[in-house]
Amino acid sequence: MGGLCRPLQVSMVWLAVLLLLLLGETVNTAQEFDPYRVLGLTKSAGQAEVKKVYKRLVREWHPDKNNDPGAEDMFIKITKSYEILGNVERRANYDRYGQMEENKQGQHQQGFNRHFHNSFYFDESFFNFPRSGRDFSDSKYLLDHAGFNSKVLPDSFKRPYLIKITSEWCFACVHIEPVWREAVQELEPLGVGIGIVDIGYERRLANQLGVHRTPSILGVVNGRVTVFHYSVVREHLRQFVEDLLPQRLVEKVTDKNYVSFLGSWHVENNPSVLLFDQVPAVPLLYKLTAFAFKDYVRFGYVDQGLTETSRLLHQFNINSYAPTMLLFKENTEQPADIIQAKGMKRQIMEEFVSNNKYLCVPRLVNQHLFDELCPIKQFHRRRKYCVLLITGEEPGFVPGNQAFLTFASSNTKDVLRFTYVYQRQQQPLCQALLHNQAPLFAQVVVLERRSPGGKAVYRSVIGGWNGSDDDKTRLHEQLELLQRDPSYLSYDATLPELNNELSPVSLWINAAYDYFLQIYDDLLFSNWREMMPILSLIFSALFILFGTVIIQAFSDSGEEKPPQKPKNPPKTEDSPGRANTSSRPPKKDFVEVTELTNITYISNLVKLRPDATHSRGDEYSSPFSGRPRDFTGHVLALNGHKKYFCLFRPVFTGDTDTGGETHVQGPGRRGVCRVGVHHKLDRLGLWMERLMEGTLPRHSVPGWPGLDTTSPSSSPAPQN
């Protein structure tokens, strides 16, 4: 027995040694990849140093430049190391947990998975399985949660972004990679922002964007995320970016509307740009430029191939062989600047518009424009003086305003910025500068802003402003004196924030338009995950609305609501019409009365169908007791289907007339007084209201007799 146990013990020892060796090898292999060691950095290295070392090593170990057999493997390790250390969040995760995944389900489980993956490493180059189709050039487009919210979202109000969602081992991403590269090479030079999100590393950002599968392509404009739903073709991606832009960016201009387009600077308070080209559609480059400067300049497009633009081409002497851009300010007859080039580039267009994005004398309509035109003093060499004309909107101020514009056009020094305000629109500012005085004529104030809190130094030009030659000379002398002696501005004041004169209604309409476009796009492509809150709100509102209508309908009905009137009531020669009474008050202001004859009695009462119960009131005489009585003024409401009727008895209200009679008794008086029929029906209206409410006593009958068989002895007497 001992001989058998000894070999078993030896086997157990060897098995334990083998397991220890395997575990040690696993640990060594797991610790083999260290991004800090690959890049030759310590954990205290800054992000700038990481980026610098990465660029140097990439140039050194690029397989196209390095003939070392291990250059390709080293290049992959360098790229992977930079993907970890070049991102702040990934680097923090690696330093804390020794991994990059954000979706942690337990440190021990992640450690086991990491050791298992590194122990059973597959050579990607041998199996030719590219992990994500991403090469070293894509690293500059990688986005994280912080970078997206701090850079992409604010920048999306000036240019659209095209973002690709990918992940490790995404084989479908490999198929769209060539098309994606072509689209990036075409759209990025035009001004489109490019981004890549690795959903495996950026779960938080993926949840914010609302994407949960790869590959996906998103567009971001004005902070709004739109999903690309078409097939991944370069033309579709280009059209997708173009559709992201607002629809009213560029206006088509012809001979008919160019005068109104250029003359809109009075209302828009912005210059106007006209692009002349021979293509029918507006180029995407021009739309992107218009989107970048939509808050400063109005953009129009002139198709040179149309006959409706010949007068424009002749008036401004446009060369039809190259695209031409004209920029107009206050003078609509002569462009303030012009540019013409065959290969119109984005940098050229943006620089051209940026240098002319203000009028010669713009009107201060909000605080943001005031901050840009009259910036706060930074240091002595960058003094900016604001020459402000306080004027009015009445026609009497127009000559002075035009003279101020002429003076500003001839004084184009960098240190001076000419502006104007309407006193009625900016009363707090005018009161601070004019000491709460209401001037009868325009005033010119020269000021310099000193602090963000509104502190400024200023001085008013003596004598006001009416546009005369003396006013121009006086203003010119004081501006020259100011440039020699800055202490000339001897008054100080705290300026309030300017009123926003932009119409809030138009801003709300534009926001609502974009919102409904988003809803339409989501409904069209069944993006249910993003549409669930909106659909829930819509269905809740509809449920409440219909529920309220149904409850109201049932609450208006009586306790015993008669069935509806038949769709095709029988028509006879003797019954041209009927009084339709239901649980609701009649819409007519009168009651139709039908003579009760043998024919109408049979058709309306005896042979009434069960599904067309009809209530009617008729005035007729019928005996109710064994002795003769006067039944004039009695009214019967007959329900033919349920076989009951309600009775109205006339009540004397005190008014006497002829045509009827009632017995009057009193001390020393006895006789008969005639009462008119209409006095007997004085309380008929109240009785009919109770009839509609269903509160009258009902007298049941076993069946409806014919008129020819009715006799005083066979008629039942109603009991109240």
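Me: Which residues touch the most other members in the largest nonpolar core?
Reply: Leu162, Tyr286, Phe299, Met325 and Leu433 do, in a core of 63 residues. A nonpolar core here is a set of buried Ala, Val, Leu, Ile, Met, Phe, Trp, Tyr and Cys residues joined through side-chain atoms within 4.5 Å. Buried means under 20% relative accessible area, exposed over 50%, and partly exposed in between, with a 1.4 Å probe and protein chains only.

Me: Which helix gives that core its largest share?
Reply: Helix α14 (residues 284-292), with 6 residues. Helices (H or I, at least four residues) and strands (E, at least two) are DSSP runs, numbered from the N terminus.

Me: Is this an experimental or a predicted model?
Reply: Predicted: local features need pLDDT of at least 70, side-chain atom pairs count only at pLDDT 80 or more, and totals for chains, interfaces and linings use all residues. Residues are numbered from 1 along each chain as its sequence is written, and side-chain values use heavy atoms, with hydrogens and water left out.

Me: Back to leucine 433, what is it in contact with?
Reply: Leaving aside neighbours within four places in sequence, leucine 433 contacts Leu388, Ile390, Val445, Leu447, Tyr458, Ser460 and Leu495. Contact means heavy atoms within 4.5 Å. Another core, of 24 residues, lies apart from the largest one, and Tyr385, Leu389, Leu416 and Trp465 are among its members.

Me: New topic. At what angle do α4 and α5 cross?
Reply: Roughly 95°, with the axes of α4 (residues 71-85) and α5 (residues 88-97) coming within 6 Å. So α4 is roughly perpendicular to α5. The axes are lines fitted to C-alpha atoms, for helices over the stretch in contact, and angles run from 0 to 180 degrees between N-to-C directions. Under 35 degrees counts as roughly parallel, over 145 as roughly antiparallel, 65 to 115 as roughly perpendicular and the rest as oblique.

Me: Which residues meet there?
Reply: Glu83, Ile84 and Leu85 from α4 meet Arg90, Arg91 and Tyr94 from α5.

Me: And asparagine 270, buried or exposed?
Reply: Buried, at 15% relative accessible area. Asparagine 270 sits in the loop between α13 (265-268) and β6 (272-277). Beyond four places in sequence, asparagine 270 touches Trp265, Asp295, Tyr296, Val297 and Leu359.

Me: Where is cysteine 173?
Reply: In helix α9 (residues 171-187), and cysteine 173 is buried, with a relative accessible area of 1%. Cysteine 173 and serine 216 are 43 residues apart in sequence and 8.9 Å apart in space, C-alpha to C-alpha.

Me: How many helices and strands in the chain?
Reply: 25 helices and 20 strands. Of the chain's 720 residues, 38% are buried.
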